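Here is a short report for a first look. Start with the picture, then read on.

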Amino acid sequence: MAQKKIDIKQVRQVAKLARLDLSEAEISQFTGQLSAILEYVEKLNQLDTANIEPLAHCLPINNCLREDNVKQSLGTEKTLENAPDKDEKFFLVPKILEDSGGF
Amino acid sequence: MTNIDYKIIVGLEIHVQMAAKTKMFCGCELAFAAEPNSKVCPVCLGLPGALPVMNRKAVEFAILTATALNCKVAEFTKWDRKSYYYPDLPKNYQISQYDLPIGSNGFIEIPVPGGATKKIRIRRVHLEEDAGKNIHTAGPFSQVDLNRAGTPLMEIVTEPDLNNAEEVKSLAIELQRIVRFLGVSEADMQKGHMRFEPNVNLHIKKDNNEYKTPITEVKNLNSFKALEKSVAFEARRQLDNFLETGECLQSGNKKTFGWDDIKEVTVLQREKEEAHDYRYFPDPDLVPVVVNEKWLSQINSRICELPLGMQKRFVSDYSLSDYDAGVLTSDKATADFFDSSVKAGGDAKRICNFITQTGLKIANEKGCSVAELGVEPDRLAELAKMADSGQVSATAAVTIFVEMTQSKEQPGRIAEKLNLIQKSDAGELEKIVDEVIAANPQAVEDAKSGDKKSKKAHGFLMGQVMQKTKGTANPQVVAKILASKLKI
């Protein structure tokens, strides 16, 4: 078999970025599966795309804009209705120790 | 002895909140200090099936700003997803623009000391959405308010062309003026409409070698003062650190700092290196934006004279000081009001004084601009002419101006009503001067004596004339008559 397209280290990294807590067995299972997927998709590289513009969107349309008009929002009660945890006015989430501090 | 010389290098990222009524991708209202989570819809919540739709106004505002900042406006731009792992954006990504920003390769001119200007290159201007707010209260939870999530933001990124803290502040203030002139943002610092992130490092020359210190980014500054102080602090800290450790710039040693407003120091933020893997990819929910020439020229027809250009014009055409011109052009309404008033025939310096010494104070108290005080520019010009011709005194003119903001009457009518018209008729005033002279022989003698008492006696006689005319005599005319009479 050809060299794996993705190694265990990369899978760990991707899992970490996606905040997924994977077992060792899962990591090795996904390493195999992801490699197989990447190998399959690599077939596309056989196509000559030298003269083809990169595609930003699969629909041949652009400029779907709306006017700056206010629409009714859900309101606090409805907004919070499906929240796993909430108080009167806010969503409650596990304590955030370090904040994003913007983008 | 080592020989050290260094240069501060700063690039600035600025987030500016747009003056739209609704969010970037949905019709939820942008409302400051609204009830938490009241301005939220399925798009803000990232619910399955909810689709974002671009706000035309926000797109046009960004294009307008890009043009005003001398950028090339992209004919084709698209939207990208940037991975984001905090609960204040529930989609788990921020919609932003990665490789095709709306504007690129521009520049901004900023005032520097001595009335000169400096060109700072603008790398890019792009649109994105803001996050909500995480509130860290006591207890095991954080509260999340999504009202702000989805607010349209412009991110403006400069090249590292700024070389000291004052220049950084100057750019921030100039940008505030520009976005306000264009009407694309209220740029209210108190409401967090402008947030700054300077990237700072030093180029150090030591013993004929050049060193670069590691770049640090200071996050999320929301006042001009914090911006200026944090850059100055970082420069000092980096110099000290270099002298102590010799640490230099390498790939991967960029650090992120926060700013402690109370201690006035930068604070290293703990962060995982991998956190910077944003994994951008095109957002399949949003179609691209194509800006054709017709749309672009339609948008750009709304560009007005920009503040720095106007400031320079006030100095060169109206002979104002750079300081006065700067005060007048700090907001567009005031600048336009001044300009119209001068164009209606008012003397520039006098109109400037009316505005800067009286108008701004009243406007501040009322919480509006000078242009909204209810005084028409041509009426103020009339008042300036009355003061210039000696019809009213400078002091009376100020009283009339204040009255004009209340009664909306013509300055001439107000002057009559308040009995502020100066008597300048020499014949009439001469009679009064004669009466005063006849009634005060001692004072006349003292005045003529030329010794110490003379000045005081002069003042006394002058006062008598003013009293007789109830303060309406033109003091210049009276002084002239009195001087000629006392010489004899």
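## Chain A at a glance

Along the sequence, chain A runs α-α-β-α-β. That pattern holds 3 helices and 2 strands. Helices (H or I, at least four residues) and strands (E, at least two) are DSSP runs, numbered from the N terminus.

This is a predicted model: local features need pLDDT of at least 70, side-chain atom pairs count only at pLDDT 80 or more, and totals for chains, interfaces and linings use all residues. Residues are numbered from 1 along each chain as its sequence is written, while chains are lettered from A and ligands numbered from 1 in the order in which they are written.

Along the principal axes, the C-alpha atoms of chain A fill a box of roughly 60 × 45 × 25 Å.

Of the 103 residues in chain A, 10% are buried. A residue is buried if 20 or more other C-beta atoms lie within 10 Å of its own, exposed if 12 or fewer, and partly exposed in between; C-beta atoms are placed from the backbone.

## Where the chains meet

In the contact between the chains, 47 residues of chain B touch 38 residues of chain A. Contact means that C-beta atoms, placed from the backbone, lie within 7 Å. On the chain B side, strand E2 (54–55), helix H2 (56–68), strand E10 (141–145) and strand E18 (289–290) each give two or more residues. E10(B) gives the most, with 5 residues.

Strand E1 (residues 65–66) of chain A runs parallel to E2(B), joined by 2 bridges. Two strands pair if DSSP finds at least two bridges between them. Arg66(A) has Asn55(B) as its bridge partner in E2(B).

## A sheet across both chains

Which strands form the open sheet, and in what order? The order of its 3 strands is E2(A)-E10(B)-E9(B), with antiparallel pairing. Strand E2 (91–94) of chain A and strand E9 (133–135) of chain B stand at the edges, each with a single partner strand, so one side of each has no neighbour in the sheet.

E9(B) and E10(B) are antiparallel and share 3 bridges. Here Lys133(B) has Asp145(B) in E10(B) as its bridge partner.

## A covered helix in chain B

Helix H3 (residues 165–182) of chain B is mostly covered, with 15 of its 18 residues buried. Gly183(B) follows H3(B), and its phi is positive, near 75 degrees.

Definitions and conventions
Contact = placed C-beta atoms within 7 Å.
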